[in-house]
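Terms are given their cut-offs where they come up.

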Amino acid sequence: MMTVKTKENASLLLALAAAIAVAAIMTLCGIVWWMTLIVAIAIFVLMALISLYLIKAYVAYKLKPIYSMVLSRHVHTTEIVDELKDKHVESISEELTAWADDNDKEISRLKQSEAFRRQYLGNVAHELKTPIFNIQGYISTLLDGGLEDELINRKYLERAEKSIDRLINIVNDLDTINKLENDMNRLKMERFDIVALTKEITEQLEIEASKRKITISVKGADSLPSPFQVMADKHFTGQVLVNLIINSINYGKEGGTTRIRFRDMLDKILIEVEDTGVGISKEDMPRIFERFYRVDKGRSREQGGTGLGLAIVKHIIEAHGERITVRSELGKGTTFAFPLKKADATTAATK
């Protein structure tokens, strides 16, 4: 039996039904068989053509508003009829279903972006509100008479200065992220010794690490071919290392160790920053690079963190065309790793 899957099959079935009906009536009326056959064939051909035209017109009429919505413009019926010439109805259905799926995905993505925007604005407001209210409270106390009290005036001024420094750090970090997002080509690529830069930064952070009795060690340099040259933006690479090492100090166990390792990966050098700290849970792991997201909110704010350090790290690494990864185990520590391209001996500095 012929199945009705196409407009052509539908028109043929209608034409066949009409031809059989006419042939039956003519036979009952006693009309000669050859005349009955000729009329039946003529009815079959005529009905096939008419029904096919009517089906196309009906389908085009029904599809017109849908196509107008999909294409975001007025669609003429003739356009849809032309489209139907070489397509089955089920093919059009599949196309419209695919469009609907894509549209649903785009709507879902826009909703997620909107939710992220609202959350981001809320986080910015919250992060700025705390130091601003602190400064307001300290100044109000001083103006209400505390300025003449030698026991509190200097202490409150120092606290206000600390809150101002926190505001400046937040604004600077936000400005850094904004610049990286708006101009990914602003990196100044140059050859430099990544091990030498790392040692220079660790020396600068030794005092900070000593406050928590954390030892910083640079390992793996002896296994790399000399010189340890990479092609990257030296300033921003230094910022990545500073943020990761400070992060390891803030979240490392007191008396623990921060290790920076270098691994040879053919055309790249892998840099790893490992701490022996509290670690990161599986629930927090997917979100640690989000702006203002904190694994330990109270402790981060106490130590003056802006909540933007890892977001900046991610932006800088991605601006270099690379990807930062993290592995962690609760109670044992965390390791951040990112690769940088090796510099050829003949490579010159470029902007």
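1. A crossing of two helices is called left-handed if the near helix is turned anticlockwise from the far one by less than a right angle, and right-handed if clockwise. The crossing of α8 and α10 is left-handed. The contact (heavy atoms within 4.5 Å) involves F236, Q239, V240, N243 and L244 of α8, and G309, L310, I312, V313, I316 and I317 of α10. Of these residues, eight are nonpolar, three polar and none charged.

2. This is a predicted model, in which local features need pLDDT of at least 70 and side-chain atom pairs count only at pLDDT 80 or more, while totals for chains, interfaces and linings use all residues. Residues are numbered from 1 along each chain as its sequence is written, and side-chain values use heavy atoms, with hydrogens and water left out.

3. The mean pLDDT (the predictor's confidence in each residue, from 0 to 100) of the protein is 78, and 73% of the residues score at least 70. Confidence is lowest in helix α9 (residues 297-302), with a mean of 49, and highest in strand β7 (residues 333-341), at 93.

4. Two aromatic pairs are counted, the rule being ring centres of Phe, Tyr and Trp (its six-membered ring) within 6.5 Å. The rings of F289 and F336 have centres 6.2 Å apart and planes at 80 degrees, so this pair is edge-to-face (planes over 60 degrees apart; under 30 is stacked, the rest tilted). Both F289 and F336 are buried (under 20% relative accessible area, with exposed over 50% and partly exposed in between; 1.4 Å probe, protein chains only).

Notes:
Helices (H or I, at least four residues) and strands (E, at least two) are DSSP runs, numbered from the N terminus. Ala, Val, Leu, Ile, Met, Phe, Trp, Tyr, Cys and Pro count as nonpolar, Asp, Glu, Lys and Arg as charged, and the others, Gly among them, as polar.
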